[in-house]
Amino acid sequence: MDALSIGVRAEIEHTALTAHIANTATSAHTATSAQAAIGALNALSAFTSRVAPVAPGPHAQRPGLALMHPPSRPSGQPSRQPPGQPRFALVLGSGGVRISAALGLVEVLTQEGLAPDLVVGCSAGALFGALIAAGHPAADAIRLATTLWSAEVTRRRRWRAIPQMLWPRLARFGPDFALRDDRLVRQRLTQAFGDQRLQDLPTALRVSTTCADSGSAVVLQSGPLVAVLRAAVALPFMFSPQHIDGKRLMDGFISDPLPVSAAADAQAVLALGFESPMPYRVDGPSRLLAQMTSAMTNNLVQARLAAAQRPRLLTLMPTLQRRVGLFDTQAMPYLVEEGRRAARLALPAIEQMLAGVDRAPVAAAWK
């Protein structure tokens, strides 16, 4: 769910239908309301990663990989791991299909005996994190991810959405408004994960979401996995919030695009994220909005990382050498290989970070 963009590309087609309603409106008030709805939909199209070529992010220190280190740890031996404290956490941020690079990353870490014992994810990172925590190998995870992360899951329209946008009072527009029907999303999640529960996965998984009412981050550590992941991908406007334990939860990207704070109790943290793409040119209102949104997202990530002030936090921000669309599932093999390459490049830094960490053996399910 990078830059609030899931399914918005399909929404461009939906805009044409709304425009037809506006053109056939018989009253000035109705036409004005319709045009307002069109404007909202046009603005939404700003968030898709396909609207324009993107410029390389400013944090790439060398082609392919940027490593961001926190201040060095003061000298002295670290305390041993308390019972139940995670030793090594992998944090996966938003980024759409690009986060599938995590599959290659974990593959290399596992081969080196450095498998994480905690995975944290938000948005798309929650989906790929769940595949990793459930123990799916890379090839199997790619197959499942192709069905979970595709434009197809965003194409089932809610026809009531049109009158709700045009005549909100009459059609009862409410806080759970959605442009899309989520039945296919739930169906695909159920096919992939069945009745598994978050707390029962082979590797511990935490999913970062956002409370729709307060805007604060909510980290889930238990509950039905399908419902938890449905909350993680609940992009405002596109899908309705997921109700869990009396809270209305939506995409964690809104509150924390790279939720390292959700692994605050881990001895060491490796975070994988991608910068939100910036348009090369701004030649219309949608791209101007995309520029502002990407800037805010990237600044939020940097602010969160700076606030973490962890002695053992390593952040990987790979720079891709080809353009990858939001639902470009055909690029997954390339992205997995990029994840492997990023892991190999960062391996000395990862080993150094883990040098003083309790090396008690961890049973890794992902192989």
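These questions and answers walk through local features of a predicted model.

User: How many aromatic pairs does the count come to?
Analyst: Phenylalanine 173 and phenylalanine 177 have ring centres 4.6 Å apart and planes at 25°, so this pair is stacked. Phenylalanine 177 also pairs edge-to-face with phenylalanine 237, at 5.9 Å centre to centre and 75° between the planes. The count of aromatic pairs comes to 2.

User: Which residues form one aromatic cluster?
Analyst: Phenylalanine 177 lies in the loop between α6 and α7, and phenylalanine 237 in the loop between α8 (225-232) and β7, so their pair ties together parts 60 residues apart in sequence. Phenylalanine 173 stacks on phenylalanine 177. The cluster is Phe173, Phe177 and Phe237.

User: Is phenylalanine 177 buried or exposed?
Analyst: Its relative accessible area is 7%. Buried means under 20%, so phenylalanine 177 is buried.

User: What does phenylalanine 237 count as, by relative accessibility?
Analyst: The value for phenylalanine 237 is 36%. Buried ends at 20% and exposed starts over 50%, so a value in between has its own class. Phenylalanine 237 counts as partly exposed.

User: Which residues does proline 175 touch, not counting residues up to four places away in sequence?
Analyst: Proline 175 sits in the loop between α6 (161-166) and α7 (183-193). Its C-alpha atom is 9.4 Å from that of arginine 248, 73 residues away along the chain. Contact is judged on heavy atoms within 4.5 Å. By that test, proline 175 touches Pro241 and Arg248.

User: Where is serine 123, a residue with positive phi?
Analyst: Most residues other than glycine have a negative phi. Serine 123 has phi near 55°. Serine 123 is buried, at 0% relative accessible area. Its place is the loop between β4 (118-122) and α4 (124-133).

User: Is aspartate 245 buried or exposed?
Analyst: Aspartate 245 also has a positive phi, near 50°. This residue is in the loop between β7 (242-244) and β8 (247-251). Its relative accessible area is 74%, so aspartate 245 is exposed.

User: Which residues form a nonpolar patch on the surface?
Analyst: Valine 282, one of them, lies in the loop between β10 (278-279) and α9 (285-308). Valine 282 is partly exposed, at 39%. Together the patch has about 360 Å² of accessible area. The members are Val282, Leu288, Met292 and Met296.

User: Which residue lies over the face of tyrosine 334?
Analyst: A charge sits over a ring if, among other limits, CZ of Arg is within 6 Å of the ring centre. Here the distance to the ring centre is 4.9 Å. The residue is arginine 322.

Note on methods
Residues are numbered from 1 along each chain as its sequence is written. This is a predicted model: local features need pLDDT of at least 70, side-chain atom pairs count only at pLDDT 80 or more; totals for chains, interfaces and linings use all residues. Side-chain values use heavy atoms; hydrogens and water are left out. Helices (H or I, at least four residues) and strands (E, at least two) are DSSP runs, numbered from the N terminus. Patches are made of residues with over 30% relative accessible area and no salt bridge: like charges are joined within 9 Å, nonpolar side chains (Val, Leu, Ile, Met, Phe, Trp, Tyr) within 5 Å. Accessible areas come from the Shrake-Rupley method with a 1.4 Å probe; for residues, only the protein chains shown count as cover. A salt bridge is a side-chain nitrogen of Lys or Arg within 4 Å of a carboxyl oxygen of Asp or Glu. Buried means under 20% relative accessible area, exposed over 50%, partly exposed in between (1.4 Å probe, protein chains only). Rings of Phe, Tyr and Trp (its six-membered ring) pair if their centres lie within 6.5 Å; planes under 30 degrees apart count as stacked, over 60 as edge-to-face and the rest as tilted. A charge sits over a ring if NZ of Lys or CZ of Arg is within 6 Å of the ring centre and within 35 degrees of the ring normal.
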